[in-house]
Amino acid sequence: MYDDTRLTEGDVASMNTKISAKGVDVFYGDNHAIKDVNVEIKDKTVTAFIGPSGCGKSTFLRCINRMNDTIDVCRVTGDIRLDGEDINDKRVDPVQLRARVGMVFQKPNPFPKSIYDNIAYGPRIHGLARNKAELDEIVEKSLRRGAIWDEVKDRLNAPGTGLSGGQQQRLCIARAVATQPEVLLMDEPCSALDPIATGQVEELIDELRQSYSVVIVTHSMQQAARVSQKTAFFHLGNLVEYGDTGDIFTKPEDPRTEAYITGRIG
Amino acid sequence: MSVAWLLTALVLLSLAGFFIVKGRALASADGDRRSLHSLPNYYGYNAMLLVFVPAFFVMCAWLVLQPILIGASVSSEFSEQNLTEDMNMSLVMSDVRRVADGLDQAIAKGAIGEDEAEEVAADLDGLKTLLSSVGVVLGSDVSDDIVASAQDYRGMAGTWSVIRDVVVLILAVAGFAYAWSRTNASFRARNTVERAVLALLIGAAFIAILTTVGIIYSLIFNTVEFFRLYPASEFFFLLEWAPSFSGRGGSSSLGVLPLLWGTLYISLVALAVAVPVGLLSAIYLSEYASPAVRGIAKPLLEVLAGIPTIVYGLFALLTVGPFLVSFFGDEGYLGVNWMGGGTAVMTAGLVMGIMLIPFVSSLSDDIINAVPQAMRDGSLGIGATQSETIRQVVLPAALPGIVGAILLAASRAIGETMIVVLGAGAAARLSLNPFEAMTTITAKIVSQLTGDSDFASPEALVAFALGMTLFIITLGLNVFALFIVRKYREQYE
Amino acid sequence: MTDATTPTPKRASLLAVDERTRKRNAAEARFKIYGIVAICVGVLSLVVLLAAILSNGIPAFQRTVVQVPVTVTQEQYDAAESTLFKTKEYEGLFVAALSAELTSAGIEADISSGALERLVGKVGNNLRQFYTANEVQLGQEVLFEVPAASRIDRYFKGTLAVENITADNRFIQPQDLDVAEAMKDAGLMATVFDWNFITGVDTGVDNPGGAGIGASVLGSLLMMFVVLFLALPIGVAASIYLEEFAPKNRLTDFIEVNISNLAAVPSIVFGILGLAVFIQYMHLPQSAPLVGGFVLTLMTLPTIIISTRASLKSVPPSIRDAALGVGASKMQAVFHHVLPLAAPGILTGTIIGLAQALGETAPLLLIGMVGFVARYPETFLGGLEGPNSALPAQIYNWVSRSDAVFTEKAWGGIIILLIFLLTMNIIAILLRRRFERRW
Ligand SMILES: Nc1ncnc2c1ncn2[C@@H]1O[C@H](COP(=O)(O)OP(=O)(O)OP(=O)(O)O)[C@@H](O)[C@H]1O
Ligand SMILES: [Mg+2]
């Protein structure tokens, strides 16, 4: 059933730890959404978060680049480290953190600007280009990485909102890539896409793995199996099981995991 | 019978109709309400509506038409006999009405009896003293002819009022009779009543159209009249506004441009205050402020919107004007002497700007909140700061809506009256100095129509042409702004 | 895609904020400060406005009075009544009483008729009116309280420019102020609450201090009465039709566009409408609250219709379905179920519309509601038809007069206007709180 897992897990173990979370708890007001989660996310690896709806996958993902700071009622405790540095340290500027930990959202959300400006937005605010030529180069490179260059190279000045849903999502991925992050967080990036666009994005994720650590939240077990090397299963705010994707899907240790992947809960 | 009594009679009749017909309906079903088609009350409502509604509408129409028709008849008689060259028909008619009114009032107050009115009218001086004793002052040019016409007028009005009362009451009774005759157990009273109520509801909705028609009619009719007396080309292109009050036409210069300039200049100053302050407050309140700050600051700003414009007018004239003079005026703290008096473009503009702050801020607040959170997340998620997100993502996304809001605010500013009447000054000027007094379209509408000048003169009629200009400008702005705002809302729905 | 493997540049530690981020954060802080400044500007304007109103308006509610015990005997009364200049005679009696009080208080002052007029004004008529009405009081001591002259009043309120007073001033002279101070110390003068300002009527320029706002408040209330009785039923009826019954077609679209445009038409245009249609064409009386009410009705209708439709819309369709499901007609469903549920919202909207109408001035100027109204109407109908003023129009009228006392009255009038508006808004808020329902 999971034969189409394209990558073997062998090489994963050798990678360094990129992100390590210890004892993370998240509260929305009184709602305890994440309960004591410990996880180590490897570099140059695709890690999938799976679990039933409302179990806290998005919430945990948003902890990693401190997007939860933008929610007033949200309170995060625990220790999350990026390359060994505590991201919740008072000295850390979330803006700098997010430049290194980019994010792609469930619904494509291009800015109401031209395609070019959508991509150039990040490099401009982070000052990654010294001149127009460099910026052009970054834009082209990002669009190529987003596997959308060929479709839009003739209409870079057209509004980004005018693209199809799948194109918009790839544009958003390209936009995230353009800031040259080290980690890419993706929250159900394919849920609004058709199978063909999904295939394109999955291919893209696989390529992005060469240079980034990618974390992807997905509701599709097939997708998790196809694109990820590591999988984490969340249930009711707990991290139930975390391990190599092949192991999780073939010989889950926890009965809840087994129930979930065989379709009995969720 | 006075109108009030007639109305009371109608109400009583319709109530009586309600109970009588309801009783008849029950009786026709031998007291068993289950065999009636509708609830007994509906039979009563049916009678009530039939008694009241036709009679009431006839009465209203009569009240409107009677003075117009009688006036026309009296004036046509008058003009056949006595109208001399230099008399103005509308002035004569207003005198006729005033004398007639005065006599009516004198009788109502018991100063004279009904039958004495005839005699009193024969003696012109006696009449004047009598009328002034009841508070009606007559001009010097009231002639015997006018008094005679006034007597005619009163005679006709008296006769026709009696006829009116009779007709209205007959209608009411006829309505009752009709309701009575139709009432039996199988009559579908509910359906009839509901159709009638629906018709009344539709009628109410049409009042909105009637109002617009009334506005357009009164503007166009008098504007056309004005352009007959005064060349349109001068109104539109003359660079001077100098109405004369003694002469008729001719010597007046009634160019709209200086007023338009004053209007636009003041509105511009107002927007220059209101747009940045309103927009920035809206941004702060919707993106940064804690709920507590928002809960206090937002209502405080909205209080500004609830304050009547006359208050702002007073504030401009008596507080802001003198304050500005103390800086920019002769011997002011700055020693610049730019400002001659308290009333100026700056005074009116600043105060109007304050008035518009909540208008801009609450509209922008709605519009900024309509920008989807996903858009903000997208920007924050790749490491933009909040202000970068606002300036480069939220505001461009909200731009059409904000432009719409600013246009609505501009239309408000252009149509604002009391602040400029009190704060801007009375002199029409084409000048760039914002510390000079200037005047606006609205201020001149007020001054041209509240002076003593004759209604038929171009000096008064020009107010309608100004009103037309104002109406067209604000309507254009509103339609355009509402269109933009609606377009914008649809985009994010 | 060969470049996919290019390694990302090694970044500096997260813990150290780099130069660029520091700059961006400074821009962020600046932007935030702009917002705070903007809000402060708005709130400050409000504070200054309210301070100006209160500081200028409160003195209008106070009045300096002269309090003198006077005893007039039957003989003095008969003697005064038999002379030709009766008020002069009474004035003499008042001066005598006042002089007696002054001497007993040890105040040196010459109370000739000129000085009396500068201090108190003409009092003879007050006395005469009192005694002709209350002959039983003859022979007893009566404490007369008469308003002090307007400049004395302003002196105590601190709005009189004392340094400009010269000895040749007809209205006030420097020594008068000393006398006034002494009288105040001796309890012969006092500052009291001016009920007359609230209940009184407008006065001419010869007696600015006596002007009151009562009649124009009544005029405004009469207009609000007309507006309430016309705009509420018409507005609710129109909204019910548009929201519940109207088919979606060109005509109803046109009505809707019409209403939203009418809501934004400048108020002065409604004044022009009133002038042309109600006065020029229908010959309804000028300056009458009835006509003012008509004009304000047309002006508030769009507001009421818009808010009524919003509250009708907020009643969930399930309520209508439930009523229709038990066999009610559509009309019954609306009138029995939807309308009662929407009523609080409708009332709130109506009160806010009324508040708007109450403060509106410009259209009233055009239909002549700035008349000088020196007495209360005698009957309700007479009040509707007869000439009257309105609260904001009266304020406007007072500002346009040059006397500083009238200016003070105008500020005072604004306080009263704002008290009305505040009350109405509080009622609206309470209604909303009390009946607010979440479906
Ligand atoms: N902004 C918020 N405010 C309050 N509670 C929230 C917020 N966002 C999420 N929650 C709560 O936190 C819990 C976890 O939500 P989260 O969005 O992380 O779930 P999820 O696993 O991503 O679900 P899904 O698969 O449906 O996206 C839920 O109980 C949810 O109600
Ligand atoms: Mg989620």
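Modeller: Happy to. A compact globule of 439 residues would have a radius of gyration near 22 Å, but chain C has 32 Å. That radius is taken over C-alpha atoms, and the globule rule is 2.2 Å times the number of residues to the power 0.38. This is a predicted model, in which local features need pLDDT of at least 70, side-chain atom pairs count only at pLDDT 80 or more, and totals for chains, interfaces and linings use all residues. Residues are numbered from 1 along each chain as its sequence is written, chains are lettered from A and ligands numbered from 1 in the order in which they are written, and side-chain values use heavy atoms, with hydrogens and water left out.

Colleague: What does the C-alpha trace of chain C span along its principal axes?

Modeller: About 115 × 75 × 40 Å. For chain A the spans are about 55 × 45 × 35 Å.

Colleague: And what about the radius of gyration of chain A?

Modeller: Chain A has 18 Å, which agrees with the value near 18 Å for a compact globule of 266 residues.

Colleague: Which helices and strands do I get in each of those two?

Modeller: Chain A has 10 helices and 10 strands, while chain C has 18 helices and 3 strands. These are DSSP runs numbered from the N terminus, with helices being H or I of at least four residues and strands E of at least two.

Colleague: How much of chain A is buried?

Modeller: 59% of its 266 residues count as buried; for chain C the figure is 50% of 439 residues. Buried means under 20% relative accessible area, exposed means over 50%, and partly exposed is in between, with a 1.4 Å probe and protein chains only.

Colleague: What about the surface itself?

Modeller: Chain A exposes about 10600 Å², with carbon and sulfur atoms supplying 47% of that. The accessible surface of chain C is about 20300 Å², and 60% of it belongs to carbon and sulfur atoms. Both come from the Shrake-Rupley method with a 1.4 Å probe; for residues, only the protein chains shown count as cover.

Colleague: How are the charges laid out?

Modeller: Chain C has 33 positive and 37 negative side chains, with the centres of the two sets 19 Å apart. In chain A there are 33 positive and 39 negative ones, and the centres lie 4 Å apart. Lys and Arg count as positive and Asp and Glu as negative, leaving out His and the chain ends; each charge is placed at NZ of Lys, CZ of Arg, CG of Asp or CD of Glu.

Colleague: Where in chain A does pLDDT stay under 50?

Modeller: Over residues 1–10, for which the model has 11 contacts beyond four places in sequence. pLDDT is the predictor's confidence in each residue, from 0 to 100, and contact means heavy atoms within 4.5 Å. Where pLDDT is low, the predicted coordinates should not be read in detail. Chain A averages 87, and 94% of the residues score at least 70.

Colleague: Good to know. New topic: what does C:T252 touch?

Modeller: Leaving aside neighbours within four places in sequence, C:T252 contacts C:Y241, C:A246 and C:P247. C:T252 belongs to helix 10 (residues 250–262) of chain C and counts as buried at 3% relative accessibility.

Colleague: And B:L285, buried or exposed?

Modeller: Buried, with a relative accessible area of 4%. B:L285 sits in helix 9 (residues 257–288) of chain B. Beyond four places in sequence, its contacts are B:R294, B:A297, B:K298, B:L301 and, from chain C, C:I39.

Colleague: How far is B:L285 from B:A316?

Modeller: They are 28 Å apart in space, C-alpha to C-alpha, and 31 residues apart in sequence.

Colleague: What about backbone angles, say at A:E188?

Modeller: Phi of A:E188 is near 45°, a positive value in a residue other than glycine. A:E188 lies in the loop between strand 7 (183–187) and helix 7 of chain A, and is buried with a relative accessible area of 12%. C:S287 also has a positive phi, about 60°, without being a glycine. C:S287 lies in the loop between helix 11 (267–281) and helix 12 (289–313) of chain C, and counts as buried at 12% relative accessibility.

Colleague: Last one: which residue follows helix 6 of chain C?

Modeller: C:G158, with a positive phi near 80°.
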